[in-house]
Amino acid sequence: MAQCLFISEIQLSIFQWVFVLDTSHQKHTAQATLAALARTCGAFRDIALDVLWQQFGTIARAIQCMPHDLWGGDLNRSESGCICLKLHRHLTKDDWNIFHRYALRIRHLSLATQDVRRGKTLMVDIDDELLACLASMDATQPLLPNLTSLEWIIYDERDLRRIRRIMTKSLTSLFLEVWAISPVPNLQQFISSIAPACPSLRKLTVHSVALSSHLCYSVSQTLCHLHHLTTIHCGVLDAEVFNHLSRLPSLIELKFALQPNTEFQNELSFEQLQVLDVHAQDIASAVDLVSRMRNKLTTLSIFSDDHTGASVLARLFHRLSTSVSHYSLRRLQIMVAERPPHDSFTVLKLEDLQPLLSFNQITHVHLDVGCGISLDDVAALELAQAWPNIVQLMLNKFLETPLPSSMSPIGLLCFLKHCPNLMELTLEIDFSFIEEQDDQSHYWVGDTSHQHLSVFDVTYSKIHDAAKVAAFLSGVLPRTVHVLCSWIHALDDQREYAERWNEASRLFTRMKK
């Protein structure tokens, strides 16, 4: 064998490629290859096992490497829907040494019970007694001393007892999902213990649908004592924690929920922040947050549960243009869940969107804002020229407005001509101009056609002549796969337009062939 293959760094590089080159979902070929390398050559054994266990190692597999008379799977399924591993005899020091040899190599852990709700294929659960016996064999070090990534879902106290035996100072990534619907005893105390137990954490996710407000204080206090975070995904946070987070030079991604009427006292620079995802019950709080920032965000997402008027959104857009670098922002998403009362419907116009046009490197814009967006053909031209790199543009996909669309197919052509990278377009268009024409040659279109647009969603556009609309679209969108609409066939007042667009979509597909 060539002498260079005895060098551990070269072995590591080669064996990692074994994993990379296996493109199958389960990676069975990579696992078999790495196992064969470990068995057939003593020089390869340690590095091959390291790569194998770093990529595929689990605590259950380490248990299954111990003598088969020690453990067994309960034939009765556990509550989680998995086979439960249990002790069949007393655990000896020799058994422990076998387990420990493999446990040292485990870097990532997601116990089987956690993955039921996440739709993963599960293999085994682990009995509390078995886990406790393993953890008690050597009190001087954690059960998995070199663990760096841990995913855990908490249903009850049993899950808390388990995770305490797994936590280690080497952890850099921790994912916690609390599925309990009522407070779990000692859960807040456990959250508060994360910082001293895992001081090197760089990625922290704490997600709870039912208990986010209940955990607000303990999560906020934990964040205040972690100084190397790069990624935070959590629920509601206290306003005070933002002073600490805004000064973290390592923080790149932040996802959280704002409490109603949150007031910030200081400037929040977040100089290195690139991704910001905010769930705000009222947009006004999000406006206040954004106005205090001075950063180079690449991605900004704001979700609100409250009805928002056009004037508040216009103020948000203005604050964005003064707080976020015009050359950095690539993705902007603003979603408002609450639909406006019919008697207080407001409309965004081009002058309201004007501050957003300064972000000339933007590639993805998704606005479902709970109020109308009135754009004519002139506005379409300005947007298309301001955002030449746009890949996805979605405007009010889910909101039916009482106002007719002001944009004609000429506005659509502006996007097709000036945005060559566009792959998904969602906006309402008035097709009456096409339907009124007797001459279907559309000479005025010229040679305008788009080669990359894959999905065209017309939202609540109203049509009367499906054939004419389909003929026009098939000429300018030769590569488009889907023409969609938001009309719902099951609703009586929408069925007419839903049927017309279904017919237009069928004709469109046929005419392209």
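What covers the buried residues of α5? The cover includes α3 (45-56), α4 (59-64) and α6 (128-136), with contact taken as heavy atoms within 4.5 Å. This is a predicted model, in which local features need pLDDT of at least 70, side-chain atom pairs count only at pLDDT 80 or more, and totals for chains, interfaces and linings use all residues. Residues are numbered from 1 along each chain as its sequence is written, and side-chain values use heavy atoms, with hydrogens and water left out.

Helix α5 spans residues 93-103, and Asp95, Trp96, Phe99, His100, Tyr102 and Ala103 are buried there (under 20% relative accessible area, 1.4 Å probe, protein chains only). These residues lie on the same side of α5, because they cover an arc of only 165 degrees around the axis; the arc is that of the directions from the helix axis to the C-beta atoms. Helices are DSSP runs of H or I with at least four residues, and strands are runs of E with at least two, numbered from the N terminus.

Helix α15 (residues 377-386) has Ala379, Ala380, Leu383, Ala384 and Ala386 buried. They cover an arc of only 165 degrees around the axis, which puts them on the same side of α15. The buried residues of α15 pack against α14 (350-353) and α16 (409-418).

Definitions and conventions
Buried < 20%, exposed > 50% of the residue type's maximum accessible area, 1.4 Å probe, protein only.
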